[in-house]
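Welcome! Here is a short tour for someone meeting this structure for the very first time. Please take a look at it before reading on.

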Amino acid sequence: MAVVALLGGLCYFLVAESWGAIATLGLHRFFVDPSWYPQASGEGTFGLAPMLLTSLLLGALSLSLAVPISVSLVFFQRLYAGRRLGASLRLFVELLGAVPSVVYGLVGLSVVVPMINRASPPGSSLLAGVLVLVPMIVPTIAIVLDGSLERETRNLFMNAAALGLSRATLAFRVLLPSLRPTIAAGCVLALGRAFGETMAVLMVTGNVIQYPGSITLPVRALTSNIALEMPYALGVHRSALYLCGLILVMFTLPLFVLAKWSRRRGPA
Amino acid sequence: MSRGAVYADASGSARSAADRLAAMVLGVISAGVLLVVGLAFSGTIIEGMQNLSLAFFLEHPRSAGRAGGILPVLVSTATVLLLTLAFVVPVGIATALYLSEFSRGDSRASRNLRTALDVLTSFPSIVFGLFGNALFCGLLGLGYSVLSGSLTLAVMIVPFFARAAERILRDVDFELRLNAEALGMSRLGAIGFIILPSALPGLLSVLVLAIGRALAETAAVLFTAGYSLRAPESLFDPGRVLSVHIYDLAMNVVGGERNASSSAVVLMLFMATLSLAIMGIKHRWKR
């Protein structure tokens with residue numbers, strides 16, 4: 001009802017606002033321009049590439065760390081830990097998921113950045129972003145995985161016990177393959193979350209617009225860019241920021257659709 | 001939960017070396033990661049708690065927030081939260097009811113509605129900020145205000161709330177509905193007196209989640225409700241929400257980390273208290 005109107009309205013606004021930028025500059029400039037200096041004298045440049053790359057790298061790297069951690073956590077908690085330890089682990093992970101992203105950013109600023117700074121100044125960097133994102137997305141994956149484990153694998157447990165399999169065998173040879181679709185779905189959701197995360201990333205990555213040549217260089221993600229420049233952007237600059245938003249949605253939406261579709265298929 | 005423990009006992013005798021190795025590796029990774037994260041947080045939490053005092057809650061900020069308390073911020077936060085809930089709860093429940101009671105589950109309209117809602121939940125929060133800024137601050141002329149912020153948050157939360165509420169409503173025992181019909185209750189009567197009350201515990205849990213999301217949101221509120229440190233005097237005044245305050249102190253104010261930590265502790269305490277309070281209501285309702 002009104003909700004469909006809402007969805008339509010949202011899309012419309014994003015496109016409408018971005019249109020100014022697209023119209024004035026032509027779409028290709030967003031990818032071809034050397035870098036992002038919207039308020040430079042003359043026309044300004046609007047190269048999105050460094051920031052897009054940063055966002056993608058942040059997502060990919062944090063995901064590759066988060067998946068093994070989540071799987072370890074869930075398997076340990078379900079298969080090896082006693083009842084109480086398992087319950088407390090689960091609680092802790094849920095708590096981690098409930099912490100607001102600003103607080104993650106704060107902790108990142110107070111703890112992670114100084115640590116990296118000692119090894120390689122300035123500390124605010126891609127690495128910091130990844131380290132902060134990982135505990136944020138581990139709960140996302142872990143909860144999905146845990147839910148699936150609890151619901152769909154009771155038979156597997158019983159069968160394996162009847163066959164006398166050890167827990168390690170059960171875990172790695174039986175559960176892992178059958179959970180692959182769920183893990184994939186969790187990954188996709190987590191990637192969407194990492195990609196769209198604004199505050200924590202903003203606070204620890206240094207926000208310098210440059211290509212992430214090394215993992216310790218300060219960089220700026222696409223989301224952070226929007227948050228930082230919206231308060232003072234005007235005209236074409238503003239439209240360009242809306243375009244950034246549009247691009248964000250274009251990335252997260254397919255991810256989300258993918259996750260839903262693979263969930264519906266269910267574990268093999 | 002107990003499933004795992006059952007299995008642990010069952011294969012207790014079959015502990016091969018590989019099994020022990022796996023246990024150790026998994027345990028070390030899990031414990032290690034959680035410990036590291038826990039330690040990192042504890043530093044900030046302890047610093048924040050040391051700085052807390054009654055004055056912190058009751059004073060106004062001084063010197064851009066480095067010193068003094070957070071009273072106006074608390075006022076803004078509470079206002080925004082209440083307003084947001086005032087929008088989200090009626091609209092969300094109405095939508096959920098429509099989906100679960102008044103339309104056939106597989107009708108085109110309800111499928112489209114569900115898809116639209118799910119799609120909306122996938123949008124990054126900052127996009128809602130952009131939308132809110134364009135619509136509420138710009139087109140509707142509300143400017144930076146508590147009202148804009150709440151409306152934006154409401155738009156962000158309603159899809160998630162409605163879908164979750166729908167699931168809860170669907171879970172209500174089918175028999176109850178049949179009984180209501182057999183007793184000759186009107187549709188609305190059945191909803192008001194039978195279905196909603198029995199779904200209340202679940203709905204309250206969803207409410208808790210929604211509150212959590214509202215309080216945690218920073219970027220979207222940042223460019224709709226504004227930055228101002230003064231307590232809002234009307235719905236059309238700008239105000240700074242607690243999450244934004246933490247961000248500002250941490251990033252823009254030199255020497256603001258201590259108050260930022262304290263504010264973060266306050267935020268988390270606030271969330272925890274609200275959750276516990278609602279859990280308490282849930283518990284008493286069940287009796």
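The angle between α3(A) and α10(A) is about 125°, and their axes lie 7 Å apart; axes are lines fitted to C-alpha atoms, for helices over the stretch in contact, with angles running from 0 to 180 degrees between N-to-C directions. In this pairing, A:M51, A:L52 and A:S55 of α3(A) meet A:L222, A:T223 and A:N225 of α10(A), where contact means heavy atoms within 4.5 Å. The residues of this contact comprise 3 nonpolar, 3 polar and no charged.

A word on the basis of all this: the model is predicted, so local features need pLDDT of at least 70 and side-chain atom pairs count only at pLDDT 80 or more, while totals for chains, interfaces and linings use all residues. Residues are numbered from 1 along each chain as its sequence is written, chains are lettered from A and ligands numbered from 1 in the order in which they are written, and side-chain values use heavy atoms, leaving out hydrogens and water.

## Chain A as a whole

| Feature of chain A | Value |
|---|---|
| Helices | 11 helices |
| Strands | 2 strands |
| Buried share of the 268 residues | 56% |

Helices (H or I, at least four residues) and strands (E, at least two) are DSSP runs, numbered from the N terminus. Along the sequence, the pattern of chain A is α-α-β-β-α-α-α-α-α-α-α-α-α.

## A pocket lined by both chains

The second largest pocket holds about 400 Å³ of space. Of the 17 residues lining this pocket, A:V112, A:L131, A:P135, B:V36 and B:V37 are the closest to its centre. At least two lining residues come from each of α3, α5 and α6 of chain A and α2 of chain B, and α5(A) gives the most, with 6 residues. By class, the lining has 16 nonpolar, 1 polar and no charged residues.

## A residue in chain B

Is B:L130 buried or exposed? B:L130 counts as buried, at 0% relative accessibility; buried means under 20% relative accessible area, and exposed over 50% (1.4 Å probe, protein chains only). B:L130 sits in helix α6 (residues 125-139) of chain B. The C-alpha atoms of B:L130 and B:F223 are 7.8 Å apart, although 93 residues separate the two along the chain.

Conventions: 1 Å grid on protein atoms, 1.4 Å probe; cavity = no way out; pocket = protein on both sides within 12 Å on 5 of 7 lines; lining within 4 Å. Points joined across faces, edges and corners; volume = space filled by probe spheres on them. Nonpolar A, V, L, I, M, F, W, Y, C, P; charged D, E, K, R; others polar.
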